[in-house]
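Please look through the structure shown below and read the short report that follows it.

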Amino acid sequence: MDAIPLALDGYLAADPEPGDRDGTASWRLTCSAGTDHLVEEAVIPCTTMEPDIAHAMLTERQPGDLLRVIGHLTLPDTADGVIRLHADTLEVLWEAPLLDPDADVDGTDTATATDADRNRAIAALAEALTGFGQAAPGPGQSIRIHISPTGALGSGEHCHSVDISPAMAHRLADYVDAMNCYLDSERPDSVALDPETIADLTELFEDIDLIGLTNAVLNATRPEHRAAVTQAMDDMFGDVPAPEETDP
């Protein structure tokens with residue numbers, strides 16, 4: 001099967017291992033893709049026959065490093081086979097803090113892991129905000145956002161400053177407000193809607209003519225799609241008239 005060109009970002013899952021031949025190495029890359037409701041994670045095996053990359057992986061890299069691997073993905077010929085990414089180029093996007101192998105069993109390892117998680121979160125947030133700020137600079141004076149570990153504001157390995165425009169700041173505030181909204185089943189008991197707001201919403205929905213809305217939608221829908229549209233409206237509003245019950 002033909003190899004697929006691919007660039008993949010992910011965290012080094014474990015210590016790299018030397019390959020069967022000199023100048024080769026293999027490792028596993030943990031990659032994730034998140035949505036509003038789900039985070040999907042996959043571990044992709046990687047190999048390289050490039051001596052420089054193999055040397056760097058075996059002598060310089062450690063678990064937790066954020067890497068960008070560029071190469072060719074090969075798919076298995078059988079269902080029980082293994083996909084593998086053959087690396088031609090390697091970029092280090094972020095280096096995990098060095099771990100102390102001689103740390104005592106007194107919570108030091110846990111603290112180090114916590115710091116690593118925090119630093120990865122800082123790097124991810126800084127990268128996202130940097131892209132957000134570069135999307136549309138816009139006119140006007142910029143707004144600077146500082147991101148750093150607690151007590152380390154300033155310059156340093158894990159300190160970041162991102163400039164965004166006032167327009168971008170307003171959009172970011174809107175996104176944060178949206179994140180703070182709850183579904184009715186998830187809203188804390190201490191949060192109550194204003195009675196006037198409830199009355200306005202009730203009046204608004206009572207004024208909607210569901211029959212008229214249904215007929216308008218179905219009459220504007222091609223016949224072969226009406227069954228699917230009817231089902232979708234049933235799921236949203238409850239029972240609605242079937243296509244044959246609407247006006248032609």
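Is Asp2 buried or exposed? Asp2 counts as exposed because its relative accessibility is 66%, where exposed means over 50% relative accessible area, buried under 20%, and partly exposed in between, with a 1.4 Å probe and protein chains only.

This is a predicted model, in which local features need pLDDT of at least 70 and side-chain atom pairs count only at pLDDT 80 or more, while totals for chains, interfaces and linings use all residues. Residues are numbered from 1 along each chain as its sequence is written, and side-chain values use heavy atoms, with hydrogens and water left out.

Asp2 lies in the segment before strand 1 (4-12), and although Asp2 and Leu75 are 73 residues apart in sequence, their C-alpha atoms are 8.1 Å apart in space.

| Residue | Relative accessibility | Class |
|---|---|---|
| Asp2 | 66% | exposed |
| Leu201 | 41% | partly exposed |
| Thr24 | 12% | buried |

Thr24 is found in the loop between strand 2 (17-18) and strand 3 (25-34), and its side chain reaches the backbone oxygen of Arg21 at 2.6 Å. Leaving aside neighbours within four places in sequence, Thr24 is in contact (heavy atoms within 4.5 Å) with Pro18, Gly19, Thr48, Met49, Ala54 and Leu58.

Leu201, for its part, is found in helix 4, where helices are DSSP runs of H or I with at least four residues and strands are runs of E with at least two, numbered from the N terminus.

Definitions and conventions. Polar contact = N/O pair within 3.5 Å; in protein donor to acceptor, adjacent residues only side chain to side chain.
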